[in-house]
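Here is a briefing to read alongside the sequence and the 3D view. Keep both open as you go.

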Amino acid sequence: MMTIIRVAAVLLTGFFVGLTLEGVSRKIIARIQRRYGPPWYQNFIDVFKALSKNGITHGWIFDFGILMALGGVIATLAFVPLGDLVAFPGLDNLFIIVYLFAVGALGMAMGMVGSGNPNSSIGVARALTQMLGYEIPYMISVSAVMYYYKTASVSELMLSQQDSWTLLKMPLGGIVAFISLLGMLGKKPFDTPIAPAEIASGPMVELSAKYMGLLMLMHTFSIFVEIGLFVDIFLGISNYWTFLIKFTVIWILATLISSVLPRFRIEQVVKFYWKVPLGLAFLQALFVLLGWVF
Amino acid sequence: MANHERNIWEKIADQLRSKSLWMLHYCTGCGAIELPPSMTSRFDMERFGMGPMATPRQADILFITGYLSAKTLRRVIYTYEQMPEPKYVIGFGSCTLNGGIYYDSYATINRLDYYIPVDLYIAGCMPRPEALLEAFNELMKMIRKGEANGWRDYKENYDWYKSNQIRSLGEVLVHDEFHE
Amino acid sequence: MIPISYLVLVFLFGSVVSYLITKANRIVGAIFNFLLTFYALFVLWNLEIGHTEKLFSILEGVENTFKVSSLGKYFSIISLIVISLVSFFIIEWIRKKPSRPAAFNAFVLIMSAGIIGVFFSNDLLTLYIFWEIAVLGSFLIVPMGKEDSKKAAVIYVVTSAIGSYMYLFATFSIYNKYGILEFDQVSRFLLNEPSNLFKWFIILFIASAGIAKSGIFPLHTWLRITHGNAPDAFSAILSGQLVKMGSYVLAISLSVFPSTKLLASFYSGVPLLNYILIWLGNISIIIGTFMAIRQNDMKQLIAYSSVANGGYILVGLGVMNSIGYAGGLFHVFNHAIAAAMIFLSFAAVVYRTGTTKIDEMGGLIWKMPWTFVTYLVGIISLAGIPPTSGFISKWMIFNALLTKGMFVTLTITFIGSVGSFLYVFRPLAGVFLGQLKKKHYEVKEVSPVMLIPMLVLTLLTLFIGVYPKPVLDFIVSIENSLGIKPIEYSGTIIKTSLGQWDTLTVFTMFAVGFIIALVLYIIFPRGKKVELTDQYTGGEYLFNYDLYHYATGFYRFLERLYDKHPSFEKLYGMLVSFFKSMGEIINELFYKVSPSGYVFWISIVILILFWVRW
């Protein structure tokens with residue numbers, strides 16, 4: 001029973017805080033461009049408006065893909081500890097979260113390619129390639145952390161940082177994870193898969209109305225999973241409220257960085273990730289093996 | 001256009017729709033230049049929750065600037081029919097109203113709303129961004145009141161629109177890239 | 001209880017019977033094959049561990065015996081599951097496909113006899129004999145596929161021979177030195193062996209048979225060629241089963257001869273030899289993954305993925321700690337089932353469309369939905385995504401590498417894992433999704449006879465993914481019998497030193513998430529169903545939707561980064577042409593029928609005779 005309440009709390013937090021912060025980030029980008037910007041609740045309106053329209057579907061795989069995407073991401077989010085709010089204590093293995101996340105990605109990719117539009121296929125191919133780019137350095141830097149603390153449970157990784165934050169102990173790993181985080185979020189300069197001007201917003205090209213709304217929800221939850229993991233692993237012990245504060249800070253930082261950068265080409269993304277962040281991640285792993293941790 | 005009786009859910013939905021209008025602009029005519037200032041920091045369209053979209057599937061407004069030749073009109077109709085309902089059309093500039101300076105051209109159409117239902121026209125050649133924003137506000141009001149019913153009109157009078165389209169564009173007998 | 005030797009004999013005689021029946025009626029012959037293999041599965045399931053049978057004695061002092069070990073039983077049950085289900089599939093498939101159905105059925109049974117013998121052999125020589133029977137059976141089936149398949153069969157058997165002769169060499173060296181061949185005795189003698197070099201030589205040479213068979217670098221090239229050309233349904237056995245025979249020999253060479261006890265530790269408890277093997281596995285993962293991304297032929301694509309997965313198994317086995325070894329063994333199961341599913345679904349597609357090229361197909365999901373479901377679950381398992389069983393083994397391997405601190409190997413396994421998302425998606429997008437080609441408008445779903453084995457495998461993967469206890473029980477008993485600390489688990493919770501996870505919770509949560517999404521989906525307005533040809537095209541009219549399908553060069557932008565890679569296939573090709581030209585020179589000199597050559601050789605012989613004054 002408590003588990004159900006906790007899962008509901010996690011999901012509702014993801015929904016409200018996630019959508020709010022997306023609105024806030026639009027506001028921030030507007031202010032950087034010297035505009036007034038939309039209200040902070042704009043994304044709630046967008047989601048519900050999209051859900052209220054009468055869309056089109058391209059057959060059962062299109063629908064199923066969206067459901068699998070949203071279902072997979074909801075399942076993933078339930079395993080992410082939000083500070084001291086842990087829905088499944090002891091079962092929040094990092095590998096599970098990362099790979100369960102792939103269910104959502106696969107579902108989305110399948111549904112979108114199922115629409116039969118080549119733009120979405122190109123977008124999906126790019127998204128998967130980008131995943132090959134950012135996932136490797138991210139997993140290595142996180143593995144170094146797991147090796148150091150001898151646990152793969154995210155909440156235990158968080159609780160192990162009593163003396164100081166992992167970010168300070170392993171600065172290189174933290175930087176690598178943050179750069180990978182930008183790729184995961186699909187923020188500029190890594191928004192190649194959804195490039196609206198090149199491939200008509202890529203995977204989403206055939207998404208209308210309800211489908212778009214569900215995908216926006218999925219996107220919100222994904223953001224919560226990705227940043228939530230980073231905050232838990234690198235930014236010290238937090239309770240529910242400090243978690244949200246740290247979350248907001250990281251999200252705004254990512255927004256600020258992305259709002260002033262142009263876009264990479266897809267092979268540049270892979271090359272970049274496999275040169276700089278992967279090298280730094282190996283360096284960090286070497287430091288951990290040698291015991292050079294601050 | 002007749003008012004449509006709305007239930008409570010549709011009223012709520014219309015409130016939401018008026019605050020989040022996504023726009024597809026069809027700018028083969030000359031008005032496209034008026035859009036950048038209305039999007040960027042001078043007039044900032046996004047504060048009304050409006051933004052450009054890449055595909056008709058996600059768009060609420062079809063924004064047509066300037067004249068339409070017979071060849072582009074086909075594309076406009078095709079695109080309009082791909083948009084999910086409810087959908088709104090804004091005709092921008094005199095050319096969509098009555099042909100403008102191209103009123104006697106052999107290649108362009110004169111009145112857009114013979115072919116697709118236009119909810120709102122912006123007259124002028126060119127209308128300035130202020131006029132554009134005024135029009136958007138007007139459209140929002142119409143949506144909130146439930147008056148922007150062009151898409152229902154199109155469904156109800158589909159035969160009339162279709163016959164107009166066929167009269168201007170002709171039946172397509174040979175399906176290849178030169179005839180459609 | 002039915003003895004194993006009896007079972008093997010039944011299979012060998014059954015092959016003759018099957019040949020004759022199939023000559024009379026193909027379908028009855030295939031049903032006979034299925035019944036026989038299914039019966040064998042039933043017999044093997046009930047075998048007691050430790051049961052021993054004497055066979056014959058070829059070498060002096062060596063009794064060739066069968067002995068049921070946990071390891072052999074585990075492998076043989078996986079194999080027979082795959083073979084019997086594929087045999088069921090063949091009942092329908094044989095109506096159209098192999099060029100010589102009678103011989104096909106007979107050789108499948110001969111091969112199965114060899115396989116059963118391999119897994120229950122108690123000494124190196126018996127293993128070799130049955131190994132060669134299995135290779136012979138499969139070698140003769142391969143040429144029944146496409147046009148190039150004769151060449152493919154030769155490449156297959158040559159590669160296999162390289163491995164098995166090295167194995168035989170090691171076997172006779174052991175016999176020369178100790179005069180025994182039983183596994184237990186050999187490992188006891190090896191433990192007392194002073195020479196490190198000899199130990200290295202024995203383990204490496206025995207492992208090389210496994211390396212050749214499971215397509216590990218540098219003997220990986222045969223997989224692509226053989227899979228590309230072998231009969232479609234047989235590819236499922238080839239990848240799902242025969243490759244696993246190689247994994248079995250690798251498991252024996254690393255664990256039955258306990259490498260961690262034999263050799264000194266090199267890096268965190270792993271000996272240098274294991275480390276070298278792990279590196280071969282790493283290279284296989286890299287090659288398999290990146291080459292699979294490039295392939296346009298769907299069978300060759302999955303063949304390269306078999307290379308990568310063979311690498312995973314070798315990495316898992318090579319680490320040789322409780323969790324890594326368990327991961328390797330579990331991966332054997334997962335890959336066998338997943339590869340069988342994928343190849344069966346491909347066989348179904350080829351059965352209906354007659355092509356294996358990804359860009360010649362598209363949108364088949366609308367015509368063959370159940371085949372698509374099989375393929376989908378198969379790739380989810382192959383890519384190691386929960387809630388299928390494929391994730392469990394990958395998780396174990398990751399955990400093992402992480403506890404050992406092997407970051408480079410860990411990186412490569414991550415590359416293999418994320419790369420597998422890329423390459424498995426390519427047939428999914430190219431063959432099943434997207435625009436349906438005009439020429440495939442009339443394609444129908446395959447018959448239930450073909451669907452049943454595919455769906456049984458699908459359910460098995462999902463079931464083991466949620467409730468892995470049956471497989472884990474096997475693994476625990478194997479690890480107990482080999483003296484490795486068994487893996488811990490309780491119910492559906494699997495534990496390692498790094499933490500634990502619960503398969504059931506993950507599955508339940510996924511179901512809950514799906515239901516939440518479904519509820520949202522249902523309460524909001526329904527979408528209008530439109531044709532697949534109603535697409536956003538930027539306002540343009542299209543007339544040929546066949547061309548509006550993105551399948552050619554799916555990852556071209558990524559492939560461009562490693563277009564100029566070094567290729568072992570080319571290197572071997574160069575070697576082959578070198579030997580060919582050498583042979584031609586010799587041919588030219590010795591066998592050419594011409595008077596001048598004749599006179600030349602006679603004069604040379606006479607000169608030599610004079611020189612040695614004979």
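The points below go topic by topic, from domains to local backbone features.

This is a predicted model: local features need pLDDT of at least 70, side-chain atom pairs count only at pLDDT 80 or more, and totals for chains, interfaces and linings use all residues. Residues are numbered from 1 along each chain as its sequence is written, while chains are lettered from A and ligands numbered from 1 in the order in which they are written. Helices (H or I, at least four residues) and strands (E, at least two) are DSSP runs, numbered from the N terminus.

**Domains of chain C**

- Chain C is assigned domain 1 (4-510) and domain 2 (571-612); such bounds come from an automatic or database domain assignment.
- Between the C-alpha centres of domain 1 of chain C and domain 2 of chain C there are 45 Å.

**Where chain C meets chain A**

- Chain C gives 61 residues to the contact, and chain A gives 65 residues. Two residues are in contact if their C-beta atoms, placed from the backbone, lie within 7 Å.
- On the side of chain C that touches chain A, the elements giving two or more residues include helix 16 (390-404), helix 17 (407-432) and helix 20 (503-523) of chain C.
- That side of chain C holds 43 nonpolar, 14 polar and four charged residues. Ala, Val, Leu, Ile, Met, Phe, Trp, Tyr, Cys and Pro count as nonpolar, Asp, Glu, Lys and Arg as charged, and the others, Gly among them, as polar.
- Strand 1 (residues 56-57) of chain A pairs with strand 8 of chain C in the parallel sense, over two bridges. Two strands pair if DSSP finds at least two bridges between them.
- In this pairing, K529(C) of strand 8 of chain C has T57(A) opposite.

**The sheet of chain B**

- Chain B has an open sheet of five strands in the order 2-1-3-4-5, with parallel pairing.
- Strand 2 (51-52) and strand 5 (120-122) of chain B are at the edges; each has a single partner strand, so one side of each has no neighbour in the sheet.
- Strand 1 (residues 22-26) and strand 3 (residues 61-65) of chain B run parallel and are joined by four bridges. Here M23(B) stands opposite I61(B).
- Helix 3 (residues 70-82) of chain B packs on the sheet and touches strand 1, strand 3 and strand 4 (88-92) of chain B; its direction makes about 165° with that of strand 3 of chain B. Axes are lines fitted to C-alpha atoms, for helices over the stretch in contact, and angles run from 0 to 180 degrees between N-to-C directions.
- Helix 5 (residues 129-145) of chain B lies across strand 4 and strand 5 of chain B, at about 170° to strand 5 of chain B.

**The sheet of chain C**

- Three strands of chain C form an open sheet in the order 5-6-7, with antiparallel pairing.
- Its edge strands are strand 5 (488-490) and strand 7 of chain C, each pairing on one side only.
- From one strand to the next, the twist averages 20°.
- Strand 5 of chain C is joined to strand 6 (residues 493-496) of chain C by three bridges, and Y489(C) stands opposite I494(C).

**Helix pairs**

- In chain C, the axes of helix 10 (residues 232-256) and helix 13 (residues 298-319) come within 10 Å and cross at roughly 20°.
- Helix 10 of chain C and helix 13 of chain C are therefore roughly parallel. Angles under 35 degrees count as roughly parallel, over 145 as roughly antiparallel, 65 to 115 as roughly perpendicular and the rest as oblique.
- The contact of helix 10 of chain C with helix 13 of chain C has eight nonpolar, six polar and one charged residues.
- In chain A, helix 8 (residues 171-185) and helix 10 (residues 209-234) pack at about 175°, with axes 10 Å apart. Helix 8 of chain A and helix 10 of chain A are therefore roughly antiparallel.
- Among the residues that meet there are F178(A) and L181(A) in helix 8 of chain A, and I227(A) and F230(A) in helix 10 of chain A.
- By class, this contact of helix 8 of chain A with helix 10 of chain A has nine nonpolar, one polar and one charged residues.

**Local backbone features**

- Most residues other than glycine have a negative phi, and most peptide bonds are trans.
- C125(B) and M126(B) are joined by a cis peptide bond, with omega about -5°. M126(B) is in the loop between strand 5 and helix 5 of chain B.
- The bond from P386(C) to P387(C) is also cis, with omega near 5°. P387(C) is in the loop between helix 15 (369-382) and helix 16 of chain C.
- K150(A) is not a glycine, yet has a positive phi of about 60°. K150(A) lies in the loop between helix 5 (118-149) and helix 6 (154-159) of chain A.
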